[in-house]
Amino acid sequence: MKFTFYGHATFSIEVGGKQILFDPFFTGNPLVKDVDIEKIKADYIFLTHGHGDHTGDVVAIAKRTGAVVVAAAEIATWLKSMGIEKAHPVNHGGPSTFDFGKARPVNAIHSSSFSDGSYAGNPMGFVFTTPQGNFYIAGDTALTMDMQLIPLWAKLNFAVFPIGGNYTMDVEDAVHAADFVKCDTIVGTHYNTWPIIQIDTEKAKADFAAARKKLLLPAPGETIEL
Ligand code: NI
Ligand code: MN
């Protein structure tokens, strides 16, 4: 599986020959550099919640690529009103099968609204099980006991956690979350985008190493193999 980070909480995972784009936020994302949004590929787009730093460019990219957009039912309804016919509504606990594998929406403790303040359903993470491997995208979330359910469904190859604190888990809680989901390879997101979520990345890596886990922090634009 190939993981490409774009900055903040925007990244792509290539699995089974399909490009899955997560939480597209390019326009106004201070970490995005030299990315031609017209060239971003997507067979699927998964949205964890409605906040602008996760959905800012979804309509434009979905229209251009024709990607299937998987999101909370309330977000899918909004997408359909914006002309995105291939919006796929989901909700917590309801797995869906796609041509690359299965995705299970799971709880995330956060909030979810559109930029105008209107209701965007519940925030969520996703557990993916595929022939190429399994992974968990936490979305914006606090540490939650529900993470302890995830090993019931998947032995994870890697997990993607927010680590910037203030709005989401910080590094300390992300280490606990890695224990909860029984995964030793974590990709960090949602940090250093703005001063309010600035972290010491060397200390973060050391904190994970002290727990005998690996924290991967690909640079914006970097692709890593997982
Ligand atoms: Ni958020
Ligand atoms: Mn966010």
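Two strands count as paired here if DSSP finds at least two bridges between them. With that settled, I'll go through the sheet and then the metals. Please keep in mind that this is a predicted model.

The sheet is open and has seven strands, in the order E6-E5-E4-E3-E2-E1-E14, and the pairing is mixed. At the edges sit E6, residues 87-90, and E14, residues 223-225, each of which pairs on one side only. From one strand to the next, the twist averages 20°.

Take one pair inside that order. E4, residues 44-46, runs parallel to E5, residues 68-72, and three bridges join them.

H2, residues 58-65, lies across E3, E4 and E5, at about 160° to E4. H3, residues 73-81, lies across E5 and E6, and its angle to E5 is about 135°.

On to the metals, starting with the nickel ion, ligand 1. Which protein residues are donors to the nickel ion? They are His49 through NE2, His51 through ND1, His110 through NE2 and Asp140 through OD, at 2.2 to 2.4 Å. Along the sequence, their spacing reads H-x1-H-x58-H-x29-D. Why is the arrangement around the nickel ion called irregular? Because the four donor atoms subtend angles of 85 to 177°. His49 is in the loop between E4 and helix H1, while Asp140 is in the loop between E10 and helix H4, so this pair ties together parts 91 residues apart in sequence. Both His49 and Asp140 are buried.

Are Asp53 and His190 buried or exposed? Asp53 has a relative accessible area of 15%, so it is buried, the cut-off being under 20%. His190 is at 1% and therefore also counts as buried.

Last, how far apart are the nickel ion and the manganese ion? The distance is 3.1 Å, and Asp140 bridges the two ions.

Technical notes: Residues are numbered from 1 along each chain as its sequence is written. Chains are lettered from A and ligands numbered from 1 in the order in which they are written. This is a predicted model: local features need pLDDT of at least 70, side-chain atom pairs count only at pLDDT 80 or more; totals for chains, interfaces and linings use all residues. Side-chain values use heavy atoms; hydrogens and water are left out. Helices (H or I, at least four residues) and strands (E, at least two) are DSSP runs, numbered from the N terminus. Axes are lines fitted to C-alpha atoms, for helices over the stretch in contact, and angles run from 0 to 180 degrees between N-to-C directions. Contact means heavy atoms within 4.5 Å. Donors are N, O and S atoms within 2.8 Å of the metal (3.2 Å for Na, K and Ca); water is not among the atoms, so sites may look incomplete. Four donors count as tetrahedral if all angles lie between 85 and 135 degrees; four count as square planar and six as octahedral if opposite donors are over 155 degrees apart and all others between 65 and 115; anything else is irregular. Buried means under 20% relative accessible area, exposed over 50%, partly exposed in between (1.4 Å probe, protein chains only).
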